[in-house]
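Please open the structure in your viewer and keep the selection panel at hand.

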Amino acid sequence: MSKILEGLYYAESHEFVKIEGEYGYVGITDYAQHELGNVVYVDMPEVDDEVEAGEDFGAVESVKAASDLISPVSGTVVEVNEALNDSPELVNADPYANWIIKVQLSDASEAEKLMDAAAYKAFLGE
Amino acid sequence: MENKRTCLYDKHTALGALISPFGGFDMPIQYSNIVDEHNAVRQACGIFDVSHMGEVLVTGPESEKFVNYIFTNDITDAPDGKIYYGMMLHPTGGVVDDLLVYKMADKRFFLVINAGNIEKDVAWIMEHSKNFDVTVEHQSDIYGEVAVQGPNTESVVEKVLGIPCADMVFYTCKEVEYNGETIIISRTGYTGEDGFELYGSHEFTNEVWDKLIASGEVKPCGLGCRDTLRFEVGLPLYGDELTDEITPLEAGLGIFVKLEKEDFIGKEAIAAQKAEGLKRKIVGIELKDKAIPRHGYDVEVDGKVIGQVTTGYNSISTGKSVCMALIDAEYGKLGTEVQVRIRKKVFPGEVTKKRFYEKNYKK
């Protein structure tokens with residue numbers, strides 16, 4: 001059964017965003033990392049790139065397949081998780097601690113269109 | 001159309017395998033994870049269900065002449081028990097399929113073909129056999145097949161199955177009596193490691209699977225790692241490096257095409273291509289980054305597309321992102337700087353040998 005954290009927001013494409021003030025930390029859910037298997041590469045945007053809710057901003061690659069990363073929120077990338085360049089497997093080890101990008105949010109109300117933990121749990125049907 | 005299932009299908013689902021379609025069959029892609037299964041074959045022993053592979057038996061007075069006519073390698077006066085790798089070609093030189101030919105005995109040849117090409121191959125073989133005094137029997141439904149691969153395989157097969165195989169030379173086969181049936185064992189595989197492949201009835205195949213898994217010394221391995229293993233040692237996969245449109249010369253497999261032997265289908269086209277020189281060829285490319293080049297991605301030089309990736313991975317045994325790619329031959333020199341377009345970015349790399357990891361055969 002997949003791990004789902006309270007207090008985060010979830011997208012149907014299995015990304016999460018953790019909101020802290022004007023910033024959002026975006027990564028993939030435990031369900032997503034498990035479905036992908038061994039993550040061997042994370043294709044991340046550059047700092048200062050714009051991301052838009054519903055648009056792809058990179059990809060997570062397992063041995064067999066590449067899976068697009070869809071941003072759950074809009075804004076400007078202020079930080080990328082550089083640790084994933086050398087250790088992409090951290091996404092498997094703890095996907096919630098190992099967020100992929102930190103976004104300065106342009107519209108904090110976008111999070112309300114996402115699922116909360118209970119809704120995501122129901123969505124997964126677990 | 002509904003996919004076929006092999007005689008081991010229920011074993012795979014019982015082990016919790018991820019099942020996906022391959023070559024018209026529902027096949028196990030992985031049981032635990034690809035990396036562990038890959039490493040088991042490189043370091044110890046793994047077993048693959050390869051019952052989806054097709055088998056065709058050719059017998060009769062003109063069987064040697066006929067097989068030589070449809071096959072690129074030369075089986076003239078082959079000793080009993082010897083195995084040859086080669087291709088069946090279209091008259092254009094494109095590949096109908098790549099296959100193994102087992103010389104079982106005088107005037108008896110056992111052909112092992114790719115699952116996805118069974119229908120095409122059998123029709124091709126039947127069609128061209130009309131002018132020869134031969135009998136062609138399609139036996140894919142009779143045989144199950146497992147591949148047992150890895151450095152420990154020889155001792156495991158002898159100890160757990162009681163089938164003597166230590167004295168067998170690479171690329172040879174023999175028939176063995178096992179529980180009252182005649183099975184075929186060959187020292188062959190598709191992983192770059194030492195190993196054996198066993199062909200027999202569905203009952204035999206299930207018994208071998210159960211015994212080897214129960215021994216605890218053999219890991220069940222899916223087609224996922226079969227692909228990463230064969231790729232690392234530069235072995236081609238039909239559909240990626242070989243197709244109806246790619247010739248063996250372009251794929252770098254010219255040593256399996258014997259132009260000095262008498263006529264065979266495709267000979268003229270290959271001889272002409274050899275005389276003219278290649279316009280495109282399959283090369284290895286190593287990327288400087290960890291991004292993964294995958295089948296179909298463009299290979300570029302200074303923004304100009306020069307070819308496409310045929311297979312690519314982050315190599316499990318070396319950790320490097322590498323691929324095989326079919327590119328314009330003028331860029332095929334070792335060390336040439338090329339780029340691979342992966343999603344929105346281009347990643348720099350250089351042309352290398354196609355073998356990214358050394359084979360470990362016991363010859």
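Begin by selecting chain A, where buried residues account for 44% of the 126 residues; keep in mind throughout that this is a predicted model. A residue is called buried here if 20 or more other C-beta atoms lie within 10 Å of its own.

Stay with chain A and colour it by secondary structure, which comes to four helices and nine strands. Of the contacts in chain A between residues at least 6 apart in sequence, 63% join residues at least 24 apart.

Next, bring chain B into view and select the residues that connect the two chains, where ten residues of chain A are in contact with twelve residues of chain B. On the side of chain A that touches chain B, the elements that give two or more residues are β4 (39-43) and β6 (56-62) of chain A, and β4(A) gives the most, with three residues. By class, the residues on this side of chain A divide into five nonpolar, two polar and three charged.

Now select residues 63-70 of chain B, which form helix α3. Six of its eight residues are buried, so the helix is largely enclosed by the rest of the structure. The buried residues in α3(B) are B:S63, B:E64, B:F66, B:V67, B:N68 and B:I70, and what covers them includes β4 (54-59), β5 (83-89), β6 (95-105), β7 (108-113) and α4 (118-129) of chain B.

From there, move to the largest nonpolar core, which has 127 residues, and select those with the most contacts inside it, namely B:V101, B:L111, B:V146, B:V148, B:I285, B:A325 and B:V340. The largest share of this core, seven residues, comes from β6(B). In soluble globular proteins, nonpolar side chains tend to be buried together. If you centre the view on B:A325 and leave out residues up to four places away in sequence, you will find that it touches B:I282, B:V283, B:I285, B:V299, B:G307, B:Q308, B:V309 and B:T310.

The following stop is a pair of helices in chain B, α5 (residues 153-161) and α6 (residues 202-214), whose axes come within 10 Å and cross at roughly 105°. That angle makes α5(B) roughly perpendicular to α6(B). Show the side chains of B:V156, B:V160 and B:L161 in α5(B), which meet B:V208, B:K211 and B:L212 in α6(B); this contact has five nonpolar, no polar and one charged residues.

Finish with two loops of chain B. Which loop holds B:Y171? B:Y171 is found between α5 and β10 (173-178) of chain B, and it has a positive phi of about 60° although it is not a glycine. With 17 C-beta neighbours inside 10 Å, B:Y171 counts as partly exposed. Then select B:R343, in the loop between β18 (337-342) and β19 (345-352) of chain B, where the phi is positive at about 55° although B:R343 is not a glycine. B:R343 is partly exposed, with 14 other C-beta atoms within 10 Å.

Key:
Residues are numbered from 1 along each chain as its sequence is written. Chains are lettered from A and ligands numbered from 1 in the order in which they are written. This is a predicted model: local features need pLDDT of at least 70, side-chain atom pairs count only at pLDDT 80 or more; totals for chains, interfaces and linings use all residues. A residue is buried if 20 or more other C-beta atoms lie within 10 Å of its own, exposed if 12 or fewer, and partly exposed in between; C-beta atoms are placed from the backbone. Two residues are in contact if their C-beta atoms, placed from the backbone, lie within 7 Å. A nonpolar core is a set of buried Ala, Val, Leu, Ile, Met, Phe, Trp, Tyr and Cys residues joined through C-beta atoms within 7 Å. Axes are lines fitted to C-alpha atoms, for helices over the stretch in contact, and angles run from 0 to 180 degrees between N-to-C directions. Angles under 35 degrees count as roughly parallel, over 145 as roughly antiparallel, 65 to 115 as roughly perpendicular and the rest as oblique. Ala, Val, Leu, Ile, Met, Phe, Trp, Tyr, Cys and Pro count as nonpolar, Asp, Glu, Lys and Arg as charged, and the others, Gly among them, as polar.
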